[in-house]
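Welcome! Please take a moment to look over the sequence and the 3D structure below before reading on.

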Amino acid sequence: MKQANNPLHGVKLQEIVEKLESNYGWEGLAYRINIKCFKSDPSVKSSLKFLRRTPWAREKVERLYVKTFHKKYRPESY
């Protein structure tokens, strides 16, 4: 089934983390999402391991990705 209204369809978690890190840096991510994997010795690999096991944290990261990179879903565009 096609998911035209889902901005995360076809986007891998690794791509999300790498793009957010590139945009905000680890410090910026830690400021926006208060989780240890962004604060203490951060890396893409350790972040992916944590986010895959922790649904609430993954949801926050996905929400930040959509808010940051998909203008259609930003509150100020309504």
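This is a predicted model: local features need pLDDT of at least 70, side-chain atom pairs count only at pLDDT 80 or more; totals for chains, interfaces and linings use all residues.

Residues are numbered from 1 along each chain as its sequence is written, and side-chain values use heavy atoms, with hydrogens and water left out.

## The overall picture

Let us start with the whole chain. Its secondary structure consists of four helices and zero strands, and the order from the N terminus is α-α-α-α. Here, helices (H or I, at least four residues) and strands (E, at least two) are DSSP runs, numbered from the N terminus.

The chain has 78 residues, and 33% of them count as buried. Buried means under 20% relative accessible area, exposed means over 50%, and partly exposed is in between (1.4 Å probe, protein chains only). The chain exposes about 5,700 Å², with carbon and sulfur atoms supplying 49% of that area; accessible areas come from the Shrake-Rupley method with a 1.4 Å probe, and for residues only the protein chains shown count as cover.

Contacts tell you how the chain folds back on itself. A contact means heavy atoms within 4.5 Å. Among contacts in the chain with a separation of 6 or more, 53% are between residues 24 or more positions apart.

## The nonpolar core

A nonpolar core is a set of buried Ala, Val, Leu, Ile, Met, Phe, Trp, Tyr and Cys residues joined through side-chain atoms within 4.5 Å. The largest one here has 19 residues, and Leu20, Ile35, Phe38, Leu51 and Val61 have the most contacts inside it. Helix H1 (13-32), helix H2 (36-39), helix H3 (44-53) and H4 each give at least two residues to this core. H1 provides the largest share, seven residues.

Not counting residues up to four places away in sequence, Leu20 touches Gly25, Leu29, Val61, Leu64, Tyr65, Thr68 and Phe69. Ile35 sits in the loop between H1 and H2 and is buried, because its relative accessibility is 4%. Apart from neighbours within four places in sequence, Ile35 is in contact with Phe50, Leu51, Trp56 and Ala57. Ile35 and Leu51 are 16 residues apart along the chain, and 9.9 Å separates their C-alpha atoms. Leu13, in helix H1, is buried at 5% relative accessibility. Leu13 and Leu48 are 35 residues apart along the chain, with 7.2 Å between their C-alpha atoms.

## How the helices pack

Two packed helices are described by the angle between their axes and the distance between the axes. Axes are lines fitted to C-alpha atoms, for helices over the stretch in contact, and angles run from 0 to 180 degrees between N-to-C directions. Angles under 35 degrees count as roughly parallel, over 145 as roughly antiparallel, 65 to 115 as roughly perpendicular and the rest as oblique.

The axes of H1 and H4 come within 10 Å and cross at roughly 95 degrees, so H1 is roughly perpendicular to H4. Residues making this contact include Leu13, Ile16 and Leu20 of H1 and Val61, Leu64 and Phe69 of H4. H3 and H4 pack with their axes 5 Å apart, at an angle of about 115 degrees, and are therefore roughly perpendicular to each other. Here the contact involves Phe50, Leu51, Arg52 and Arg53 of H3, together with Pro55, Trp56, Ala57, Arg58 and Val61 of H4.

## Salt bridges and a loop residue

How many salt bridges does the structure hold? There are two, a salt bridge being a side-chain nitrogen of Lys or Arg within 4 Å of a carboxyl oxygen of Asp or Glu. One joins Arg58 and Glu62, whose closest N and O atoms are 3.0 Å apart. Both residues lie in helix H4 (residues 55-69), four residues apart, about one turn of the helix. Arg58 is partly exposed at 30% relative accessibility, whereas Glu62 is buried at 19%.

Arg63 forms a salt bridge with Glu59, with 2.9 Å between the closest N and O atoms. Arg63 is partly exposed at 49% relative accessibility, and Glu59 is partly exposed with a relative accessible area of 47%.

Finally, look at Asp41 in the loop between H2 and H3. Its phi is near 50 degrees, a positive value in a residue other than glycine. Asp41 is exposed, because its relative accessible area is 68%.
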